[in-house]
Amino acid sequence: MLTFSRGPGPITDPYFQVPLWLQTETRHGCIWAYNPEHLEIIRQFVQAPLRERAPWYESGKKMTFIARLPGWMKQAKNRTEVLRAIDRTRASLVN
């Protein structure tokens, strides 16, 4: 189960119970990803100016991890801050 809620301590992998390396704090909450590809998918969604829903979305099948992103990540007013946080996380991988 994916969760973006912030509890005490770092976000951990639900199976192995180890902290995830790709996580960063914003004033709204924590952004985390399992790997660079996961982070890139989140980045593409956040930076998209037009977000169209899949045809099956309205029938109640909202099981994609993009559909489960917290509301503050999806809001246009937070786009710049979220993208900056994702870029900081990506930059930490280059080293």
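Q: Is Tyr34 buried, partly exposed or exposed?

A: Bear in mind that this is a predicted model. To place a residue, look at its relative accessible area: under 20% is buried, over 50% is exposed, and partly exposed lies in between. Tyr34 has a relative accessible area of 34%, so Tyr34 is partly exposed.

Q: Which residue forms an aromatic pair with Tyr34, and how are the planes set?

A: Aromatic rings pair if their centres lie within 6.5 Å, and planes over 60 degrees apart count as edge-to-face. Two aromatic pairs turn up in a search of the whole structure. In one, Tyr15 and Phe16 are edge-to-face, with 4.7 Å from centre to centre and 90° between the planes. The partner of Tyr34 is Trp32: the ring centres are 5.0 Å apart and the planes stand at 80°, so this pair is edge-to-face.

Q: Are the residues of these pairs buried or exposed?

A: Take each residue by its own value. Tyr15 is exposed at 68% relative accessibility, and Phe16 is exposed with a relative accessible area of 59%.

Q: What secondary structure does the protein have, and in what pattern?

A: First list the elements, then read them along the sequence. The protein has three helices and two strands, and their pattern is β-β-α-α-α.

Q: How many residues does H1 have, and what does it reach from first C-alpha to last?

A: A helix can be checked by setting its span against the one expected at 1.5 Å a residue. H1 covers residues 36-47, which makes twelve residues. From first C-alpha to last it reaches 16 Å, close to the 16 Å expected.

Q: Which residues of H1 are buried, and where do they lie around the helix?

A: An α-helix has 3.6 residues a turn, so residues three or four places apart point the same way. In H1 the buried residues are His38, Leu39, Ile42, Arg43, Phe45 and Val46. Down the axis of H1 they fall within an arc of 165°, so they line one face of the helix.

Q: What covers that face?

A: The cover over the buried residues of H1 includes strand S2 (30-33), helix H2 (71-74) and helix H3 (79-94).

Q: What caps the N-terminal end of H1?

A: Look for a side-chain atom that lies by a backbone nitrogen at the end of the helix. Here the cap is Asn35, which has a side-chain oxygen 3.2 Å from the backbone nitrogen of Glu37.

Q: What is His38 in contact with?

A: His38 is in helix H1 and is buried, with a relative accessible area of 9%. Leaving aside neighbours within four places in sequence, His38 is in contact with Trp32, Ala33 and Phe65. A polar atom of the His38 side chain also lies 2.9 Å from the backbone nitrogen of Tyr34.

Q: Which residues of H3 are buried, and what covers them?

A: Treat this helix as we treated H1. H3 has 16 residues and reaches 23 Å from first C-alpha to last, close to the 22 Å expected at 1.5 Å a residue. Its buried residues are Glu81, Val82, Leu83, Ala85, Ile86 and Thr89. What covers them includes strand S1 (22-25), S2, H1 and H2.

Q: Which residues does Thr24 touch?

A: Thr24 is in strand S1 and is buried, with a relative accessible area of 14%. Not counting residues up to four places away in sequence, Thr24 touches Gly29, Cys30, Ile31, Ala85, Arg88 and Thr89. With Arg88 there is a polar contact of 3.3 Å between the side chains.

Notes. Residues numbered from 1 in each chain as written. Predicted model: local features only at pLDDT ≥ 70, side-chain atom pairs only at ≥ 80, totals over all residues. Heavy atoms only, no water. Helix = DSSP H or I, 4+ residues; strand = E, 2+ residues; numbered from the N terminus. Expected span 1.5 Å × (residues − 1). Buried < 20%, exposed > 50% of the residue type's maximum accessible area, 1.4 Å probe, protein only. Arc of directions from axis to C-beta. Contact = heavy atoms within 4.5 Å. Polar contact = N/O pair within 3.5 Å; in protein donor to acceptor, adjacent residues only side chain to side chain. Phe/Tyr/Trp six-rings, centres within 6.5 Å; stacked < 30°, edge-to-face > 60°.
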